[in-house]
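Here are my notes from going through the model, as a set of numbered points. Have a look at the structure first, then read on.

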Amino acid sequence: MTPNLPLVILVGVMVAAGVTLVLERSLTRILIGFVLIGNGVSVLFLVVSGPAGTAPIVGLSDEPMSDPLPQAMVLTAIVITLGVTAFGLALAYRAWQLTGHDDVQDDVEDDLIRRRAEQDETSVTFDEADAALPDEEGSDAPIEHREVHEVPATTVPEALDADHEDELP
Amino acid sequence: MNQIVLLPVILPLLGAGLCLAFGRSARAQRIISVAILALVVTVSAVLLYRADHYGPQTVNVGGWPADIGISLVADRLSALMLLVSTIVTLCVLLYSFGQGIVEFGRDAPLSVFHPTFLVLSAGVSNAFLSADLFNLFVGFEILLVSSYVLITLGGTGARVRSGTIYIVVSMISSVVFLVAIACVYAATGTVNFAALSGRIADLPPQVSNLLQLLLLTTFCIKAAVFPLSAWLPDSYPTAPAPVTAVFAGLLTKVGIYAIIRTQTLLFPDNDLRTLLLWAAAFTMVVGILGAVAQSDIKRILSFTLVSHIGYMLFGVALGSTAGLSGAIFYIAHHITVQTTLFLVAGLVEYRSSTTNLDKLGGLARAAPMLSVMFFIPAMNLAGIPPFSGFLGKLALVQAGVDDHRWLSYVTVAAAIVTSLLTLYAIAKVWNRAFWQPAEAEHEAGDDLGADSHGGSMHGRSGVSTKTERTSTWKVDDEQQQRLPLGMVVPTLMLVGCSIALTVVAGPLLDFTTRAADELQGRSSYIVAVLGGGG
């Protein structure tokens, strides 16, 4: 089978554009990207189905027929893409209703851990009492080094788990 | 008689339609969905028996021959997965009734929950039974789309946020799956598993490796295999407890099932075993390290879920009968145990209105029943003898040692370390939530400064947090919430199931060995699909 070059290029361009959009933060753009990729893949199925022929009805003509199976698949895929896109749009609308934008937010807990890591800060479950004990060699390292830094109130938003309005650095 | 293979897909879809028709009556919806799922459990049990005794059960939908139509096949692996998953689904559904009064209040979309749940069940069944790649894709889409609805149920801010990540990742993985299907069709001209198993062997190795990689990428995203697992712990914990439980139990396992099916049937001469072993080792270790760092029960459980996917992948990557058998056993064990733990986390949340370990405490005295329900599956998950978790891990480790390659030994070591760290993470939950006295008693009359107490390293300003916490506890003490029987009984049923898995472990391991033999033999499946049926 010789693939159809213009179609292959079209697939490449659509998927590339789609991937660029999917990497955005706004859900609406992600959805447009998803639709582009989805359509690109649908075109890929056209490439896969081989050269075009007559209508795939047995006994209609002696010419070679088109392969009907990829078309059946691509129809299913289009329907699924349609449904998922509709759901995604509803979700984006809901996110806009709730927060005024539809940007995908960072996870709150992960964000907390990342900030702690940046400040060389221990986790809540870290047992300070144990760490304060001298180690086997009777470490005489200055105590100040092990001291846990107080989180400056400004770096951690007050309402971290109530709403996610905080803008991230 | 073979027509009953259709029932696990058709019945839940029918039930979903009926539930929508009776959308106004919660009672009718409950009766319908329980009846339907109970029927599916029965059918799956019958299928398991027949698949074990009479070979793979096949049906060609609409009477079209297998290579152009759609066939459904129940062999030993599919039937076992189907039975375990439907039992778990049924228990979770019963649990959701008990919780229904609390979670799905008057304004919540009650009428949507049952139909969606049934559609999810239909999708899972379809994925387990499908005998071709495209039908597998459709099964995945059915279960994914219903899971989109379930994960954003109620449309609260947190659920929309975490649901968005889940949905976008799933959409992308579906598109990758479509690309894989297109490539497979272009290379071989068919998407039927049985037909593919012959034709892929004739392809040049570069092409078949490419196809294998594409399919593996897709399924690894769905199964949350490292490094494609970051979406899972982020998105699961915010959903309602029954939803998280059923997702944790089933969705990733469908991905693992797809990996087993394609690896054994399509790519028996596996060139990518080394890659898979590395992926398994990293999934285990990185996942469990995530669990250790967390301080919320649901998040810890999500991370252990990711981590234990590694065990199953390990068994598949070994490629030996013993490895496959261990992996299948481990899936059955892990579906029940992980679901139970998430249900228990739901009970904890119901009782204390939080699952944060910093705010929990003293549950062992306050709710001894709940503690037992947590303790048994938790020890099971960590792999303490004599539970099924230990037996599954033992089977996998033995298979790994028998492989006699250095990488297998490395992975065995990773598996053992992961098991120990799981015990650590679980023990942390047990100590802090169940044994340690509650924060309110703990801090009563204690006026130590914010910096001298471990709990104050919470990252917020100490004083306001403390008052907030004590007030939460006062409310709880006054209420002394009794757990509703409707939530406890299904959880107990699942705890019973996980103990039952331990009791029947011998026969079950024999069965999984037969299933693994069947998978490796391949011929009975191919003959059943292409030769028989019709």
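1. Starting with the stretch at 67-98 of chain B: the chain there is 72% helix and 12% strand, and the end C-alpha atoms sit 46 Å apart. UniProt, in an unreviewed entry, lists residues 67-98 of chain B as "domain: NADH-Ubiquinone oxidoreductase (complex I) chain 5 N-terminal". Bear in mind throughout that this is a predicted model.

2. The other domain record for chain B is also from an unreviewed UniProt entry: "domain: NADH:quinone oxidoreductase/Mrp antiporter transmembrane", covering residues 130-415. Over residues 130-415 the model gives 80% helix and 0% strand, with 32 Å between the end C-alpha atoms.

3. For chain A, the unreviewed UniProt entry puts "transmembrane region" on residues 6-23, 30-52 and 72-93. I looked at two of these. Residues 6-23 of chain A come out as 94% helix and 0% strand, with the end C-alpha atoms 26 Å apart. Residues 72-93 of chain A are 100% helix and 0% strand, and their end C-alpha atoms are 32 Å apart.

4. How do α15 and α17 of chain B cross? The axes of α15(B) (residues 368-382) and α17(B) (residues 406-435) come within 9 Å and cross at roughly 165 degrees. That angle is over 145 degrees, so α15(B) counts as roughly antiparallel to α17(B). The crossing of α15(B) and α17(B) is left-handed. On the α15(B) side the contact is made by B:Leu370, B:Ser371, B:Phe374, B:Phe375, B:Ala378, B:Met379, B:Leu381 and B:Ala382. The α17(B) side brings B:Ser419, B:Thr422, B:Leu423, B:Ile426, B:Val429, B:Trp430 and B:Phe434. By type, the residues of this contact split into 12 nonpolar, three polar and no charged.

5. Now α15(B) against α16(B) (388-402). Their axes are 6 Å apart and they pack at an angle of about 10 degrees, and α15(B) and α16(B) are therefore roughly parallel to each other. Here B:Asn380, B:Leu381 and B:Ala382 of α15(B) meet B:Ser388, B:Gly389, B:Phe390 and B:Lys393 of α16(B). The residues of this contact divide into three nonpolar, three polar and one charged. Note that B:Leu381 and B:Ala382 belong to this contact and also to the one with α17(B).

6. The loop between α15 and α16 of chain B is worth a check, too. B:Pro386 is found in that loop, and a cis peptide bond joins B:Pro385 and B:Pro386, with omega about 5 degrees.

7. There is another cis bond in chain B, between B:Phe226 and B:Pro227, where omega is about 0 degrees. B:Pro227 is found in the loop between α8 (205-223) and α9 (231-235). B:Ala224 lies in the loop between α8 and α9 as well, and its phi is near 60 degrees, a positive value in a residue other than glycine. As background, most residues other than glycine have a negative phi, and most peptide bonds are trans.

8. Which residues connect α7 and α22 of chain B? B:Phe193, B:Ala194, B:Ala195 and B:Ser197 of α7(B) are in contact with B:Tyr525, B:Ile526, B:Val529 and B:Leu530 of α22(B). α7(B) covers residues 193-202 and α22(B) residues 523-531; they pack at an angle of about 120 degrees, with axes 8 Å apart. α7(B) and α22(B) are therefore oblique to each other. The contact residues divide into seven nonpolar, one polar and no charged.

9. Last, the aromatics. How many aromatic pairs does the structure hold over all chains? The total is 24. One of them is B:Tyr166 with B:Phe247: the ring centres are 6.1 Å apart and the planes are at 25 degrees, so the pair is stacked. B:Tyr166 lies in α6 (residues 157-188) of chain B and B:Phe247 in α10 (residues 241-265) of chain B, so the pair ties together parts that are 81 residues apart in sequence.

Conventions:
Residues numbered from 1 in each chain as written. Chains lettered and ligands numbered in written order. Predicted model: local features only at pLDDT ≥ 70, side-chain atom pairs only at ≥ 80, totals over all residues. Heavy atoms only, no water. Axes fitted to C-alpha atoms, helices over the stretch in contact; angles between N-to-C directions. Helix = DSSP H or I, 4+ residues; strand = E, 2+ residues; numbered from the N terminus. Parallel < 35°, antiparallel > 145°, perpendicular 65-115°, else oblique. Left-handed = near helix turned anticlockwise from the far one by under 90°. Contact = heavy atoms within 4.5 Å. Nonpolar A, V, L, I, M, F, W, Y, C, P; charged D, E, K, R; others polar. UniProt positions renumbered as here; feature names shortened; annotations may be inferred. Phe/Tyr/Trp six-rings, centres within 6.5 Å; stacked < 30°, edge-to-face > 60°.
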